[in-house]
Amino acid sequence: MPESNFAEPSDRSEEQVSGAKVIAQALKTQGVEYMFGIVGVPVTEIAFAAQELGIRYIGMRNEQAACYAASAIGYLTGRPGVCLVVSGPGLIHALGGMANANMNCWPLLVIGGSSERNQETMGAFQEFPQAVRSSIYGRPGACYVDIPGDFVNLLVNVNSVKYTECCMSPPVSVAETPAVRMAASVIRNAKQPLLIIGKGAAYARAEENIRKLVEQCKLPFLPTPMGKGVVPDNHPNCVGAARSRALQFADVIVLLGARLNWILHFGLPPRYRPDVKFIQVDICAEELGNNVRPAVTLLGDINAVTKQELASQKSLPMNYYTVFYHVQEQLPRDCFIVSEGSNTMDIGRTVLQNYLPRHRLDAGTFGTMGVGLGFAIAAAVLAKDRSPGQRVICVEGDSAFGFSGMELETICRYNLPIIILVVNNNGIYQGFDTDTWKEMVKSQDATIVAPPVCLLPNSHYEQVMIAFGGKGYFVQTPEELQKSLRQTLADTTKPSLINIMIEPQATRKAQDFHWLTRSKM
């Protein structure tokens with residue numbers, strides 16, 4: 001904290017607070033829940049103050065073990081645990097834990113008390129110079145905060161203390177699109193591909209998307225010791241029981257938050273093929289290319305990059321990520337994006353990019369369905385008056401489209417060149433394919449057996465646009481989507497609707513009919 005914040009108050013009658021309580025409150029504000037350590041002069045009061053605010057304090061018998069425990073909290077929660085130590089020997093004992101946290105890329109905050117400020121450089125009791133580093137941004141690691149001894153017990157005016165707001169979660173970075181394409185191409189052409197899942201993938205909370213990647217692309221995987229469980233060990237694609245053989249015969253290896261260190265034999269022969277191609281995914285640029293030159297490097301958050309991999313895969317029917325990947329590739333940077341629908345809007349937010357303010361309209365705070373076409377009409381009228389040529393892209397789920405689909409007549413009546421994308425999964429949240437639907441309603445009335453979230457499969461919404469004089473497209477493959485989108489973007493004279501068919505249960509594995517009546521999205 002700035003030294004001015006600890007100036008002696010002029011009015012002694014005002015409420016005062018100790019430096020220890022200020023420190024504890026700052027930790028509480030930053031979301032700290034656990035503190036490990038060994039108390040002593042001058043940090044004892046910090047531990048008491050932390051407990052008063054509800055931070056759990058666990059007194060250890062050695063600073064090294066306390067630091068290990070605090071760093072493990074950082075790994076398990078994504079927010080740094082705190083290790084409280086005295087300076088000098090206390091800090092030195094904690095160095096092992098700090099080094100371990102840095103090597104493992106785990107967020108850790110070590111707080112130590114040092115000499116009073118007026119004794120600096122004078123050989124005061126257990127004086128030790130320290131530095132402060134970032135804990136959770138970029139590559140996570142240890143951070144040391146030095147607290148001068150006189151700060152702990154100094155009383156200050158409570159109104160003079162200004163607490164910094166809780167640090168936001170680290171920004172999520174994605175890999176460059178050409179690199180993702182190249183990685184997808186290398187994987188598709190591989191004869192014996194292998195995923196290696198490291199603890200970086202576990203820290204990134206990437207389990208859901210990695211499992212989708214494993215299952216959709218039918219990829220075998222090998223977890224590192226602390227990558228175990230990201231995809232369950234009993235998954236049929238796990239090759240942990242044949243680890244040596246898997247490493248030795250793989251022709252393409254994707255490293256997801258795993259480093260080519262001693263645990264993975266440095267990526268070198270004879271444990272690996274001399275011509276093996278590595279695709280390295282890591283949040284740390286310095287880690288890319290260590291020991292082995294990768295065929296492709298993907299710098300970014302592992303969870304986000306895995307989503308990009310999912311989007312670039314070409315399996316049919318398409319999923320949400322595939323659709324949005326190809327849409328994002330062609331969207332003008334200055335276009336208005338209007339979006340509504342549950343999965344369509346939620347997943348679209350993470351993929352479809354905006355580059356200008358006030359250029360995205362969606363269901364908003366009230367979560368209203370049916371707003372999309374009205375919003376798109378307003379944006380198109382405004383663009384026509386103020387920025388001729390600026391495009392309006394309206395991305396609708398098939399259910400959301402139904403709320404105001406007849407506004408297509410309005411769009412055609414005023415000849416507004418809006419491009420409407422209906423992401424059609426045959427249902428509200430999820431639906432069924434045509435064969436399943438026919439089988440389901442063959443013996444009983446649809447009002448009895450059809451789950452309430454289902455819509456009629458393969459509805460040709462594009463025909464409604466054609467009926468009013470606009471252009472309509474029915475697409476089922478990435479190639480058809482790319483072609484129709486190019487054509488609609490090139491034509492500024494008429495509105496268009498692209499009806500995009502995707503996997504009816506694209507967000508999860510197919511289950512029996514009854515799951516739809518039991519679960520919530």
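## Helix 6

Helix 6 covers residues 177-188, and in this predicted model its 12 residues reach 17 Å from first C-alpha to last, close to the 16 Å expected at 1.5 Å a residue. Its buried residues are Ala179, Val180, Ala183, Ala184, Val186 and Ile187. Look down the axis of helix 6 and these buried residues fall within an arc of 160°, so they line one face of the helix.

## Helix 13

Helix 13 (residues 372-386) also gets a length check. Its 15 residues should span 21 Å at 1.5 Å a residue, and the end C-alpha atoms of helix 13 are 21 Å apart, which agrees.

On the buried list for helix 13 you'll find Gly372, Leu373, Ala376, Ile377, Ala379, Ala380 and Ala383. The cover over them includes strand 13 (336-340), strand 15 (392-397) and strand 16 (419-424), plus helix 14 (398-403) and helix 15 (407-413).

## The whole protein

Zooming out, there are 19 helices and 18 strands in the protein. Of its 521 residues, 50% are buried. Take the contacts between residues at least 6 apart in sequence, and 73% of them join residues at least 24 apart.

Methods
Residues numbered from 1 in each chain as written. Predicted model: local features only at pLDDT ≥ 70, side-chain atom pairs only at ≥ 80, totals over all residues. Heavy atoms only, no water. Helix = DSSP H or I, 4+ residues; strand = E, 2+ residues; numbered from the N terminus. Expected span 1.5 Å × (residues − 1). Buried < 20%, exposed > 50% of the residue type's maximum accessible area, 1.4 Å probe, protein only. Arc of directions from axis to C-beta. Contact = heavy atoms within 4.5 Å.
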